[in-house]
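Subject: Structure handover

Hello,

Please find the structure below, followed by notes on what was found in it.

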Amino acid sequence: MRSSHLVQSGSASLAVESIGTGHPVIFLHANVADSRMWHAQMESIGTGNMAIAYDRRGFGKTVTGPERFSAVSDLMAVIDAISDGTPATLVGCSRGGRVAIDAALHYPDRFHALVLIAPSVSGFPAATNPPEIEDLMQHASEIEETGDLDQVNAVKARIWLDGPLGAEGRVEGDARRLFLDMNGIALRLAADTKAEIETAPAYHRLSEIAMPTLVISGDLDFPFIQDRSRHIAEAVRNGSHHEVSGTAHLPSLERPAEITELLTGFISANRT
């Protein structure tokens with residue numbers, strides 16, 4: 001059964017959904033989405049586990065006032081309020097992966113395993129793109145300067161859903177409609193990114209992460225994100241990498257059954 005919760009963290013009322021009981025599995029969404037990006041995975045993982053997903057500040061149904069905040073502190077508030085305190089598995093995509101890495105470094109005893117999908121990581125060296133991708137990013141910047149949120153949303157779908165190495169409009173149907181709805185809300189809320197308290201850079205501390213870690217990336221994503229994903233899998237002590245062919249930055253939307261199967265197998269193999 002799916003349950004809805006509001007968890008207070010500072011001025012924020014974090015909108016949380018949970019399914020099932022047992023081993024806690026916490027889902028952290030990307031910056032172009034909200035907790036709904038995990039809908040298919042939550043339904044399956046919530047059978048035999050407690051699947052938990054929440055909207056971070058500036059996304060989805062979460063409501064917050066202006067204040068400095070820590071994304072890791074928000075995560076820990078959700079865990080303390082919803083789970084039974086046993087070590088959790090974290091599943092994070094993109095910026096959600098960065099929050100997961102920071103939390104694992106700060107509170108290693110509170111987490112059992114990590115799944116990182118196209119993760120970012122603080123302290124990562126500045127990325128470079130090939131010319132054709134730079135042209136796409138320049139086009140996106142010009143659209144953002146117009147302030148037309150519908151056009152901005154459309155170009156974000158082109159970049160993050162279709163992928164810079166994929167054809168425009170490649171992903172259609174429910175996945176695209178959900179992306180446009182989730183990111184449309186985020187664009188309208190326009191979270192103050194400067195309000196987030198930055199953690200110490202994690203890039204050079206990845207070897208401190210000893211828990212089992214599965215890193216997933218799509219071969220239509222930015223080349224530097226693919227390289228970063230492989231690097232993270234090699235840098236942590238107990239990491240592995242899995243490439244999902246024909247997908248970009250959000251494979252949980254494109255290939256929900258495949259990602260669910262990967263998660264289920266990894267969680268089952270690392271529960272003891």
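Arg-98 and Glu-198 form a salt bridge through their side chains, at 2.6 Å from N to O. A salt bridge here is a side-chain nitrogen of Lys or Arg within 4 Å of a carboxyl oxygen of Asp or Glu. The pair links distant parts of the chain, with Arg-98 in helix α3 and Glu-198 in the loop between α6 and β7, 100 residues apart. Helices (H or I, at least four residues) and strands (E, at least two) are DSSP runs, numbered from the N terminus.

Before the rest, the basis of the numbers. This is a predicted model, in which local features need pLDDT of at least 70 and side-chain atom pairs count only at pLDDT 80 or more, while totals for chains, interfaces and linings use all residues. Residues are numbered from 1 along each chain as its sequence is written, and side-chain values use heavy atoms, with hydrogens and water left out.

Arg-98 counts as buried at 15% relative accessibility, whereas Glu-198 is partly exposed at 47%. The cut-offs are under 20% relative accessible area for buried, over 50% for exposed, and partly exposed in between (1.4 Å probe, protein chains only).

Another salt bridge joins the side chains of Glu-196 and Arg-95, at 3.3 Å from N to O. Glu-196 lies in the loop between α6 (173–189) and β7 (213–218) and Arg-95 in helix α3, so this pair ties together parts that are 101 residues apart in sequence. Glu-196 counts as buried at 16% relative accessibility, and Arg-95 counts as buried at 17%. Arg-95, Arg-98, Glu-196 and Glu-198 belong to one network, joined by salt bridges that share partners.

The structure holds 17 salt bridges. One of them is between the side chains of Asp-80 and Arg-110, at 2.7 Å from N to O. Asp-80 lies in helix α2 and Arg-110 in the loop between α3 and β6, so the pair ties together parts that are 30 residues apart in sequence. Arg-110 counts as partly exposed, with 26% relative accessibility.

The helix itself

How does the span of α3 compare with what its 12 residues should give? At 1.5 Å a residue, helix α3 (residues 95–106) should span 16 Å, and its end C-alpha atoms are 17 Å apart, which agrees. The expected span is 1.5 Å times one less than the number of residues.

Of the 12 residues of α3, 11 are buried, so the helix is largely enclosed by the rest of the structure. The buried residues include Arg-95, Arg-98, Val-99, Asp-102 and Leu-105. What covers the buried residues of α3 includes β3 (23–28), α2 (71–82), β5 (88–93), β6 (111–117) and α7 (223–235). Contact means heavy atoms within 4.5 Å.

The cavity

One cavity of 30 Å³ or more was counted. The largest cavity has a volume of about 70 Å³.

On a 1 Å grid over the protein atoms alone, a cavity is a set of points where a 1.4 Å probe fits but cannot get out; a pocket is an open set with protein on both sides within 12 Å along at least five of seven lines; lining residues have an atom within 4 Å of a point. Grid points are joined across faces, edges and corners, and a volume is the space filled by probe spheres set on the points.

The second largest pocket

The second largest pocket holds about 240 Å³ of space. It is lined by 15 residues, and the closest to its centre are Glu-17, Ser-35, Arg-36, Asp-55 and Lys-61. The elements that give two or more residues to the lining of this pocket are β2 (12–19) and α1 (39–45); β2 gives the most, with three residues.

Two positive phi values

Ser-94, in the loop between β5 and α3, has a phi near 55°, a positive value in a residue other than glycine. Ser-94 is buried, with a relative accessible area of 14%. Ala-118 is not a glycine either, and has a positive phi of about 45°. Ala-118 is placed in the loop between β6 and α4 (131–146) and is buried, with a relative accessible area of 1%.

Regards
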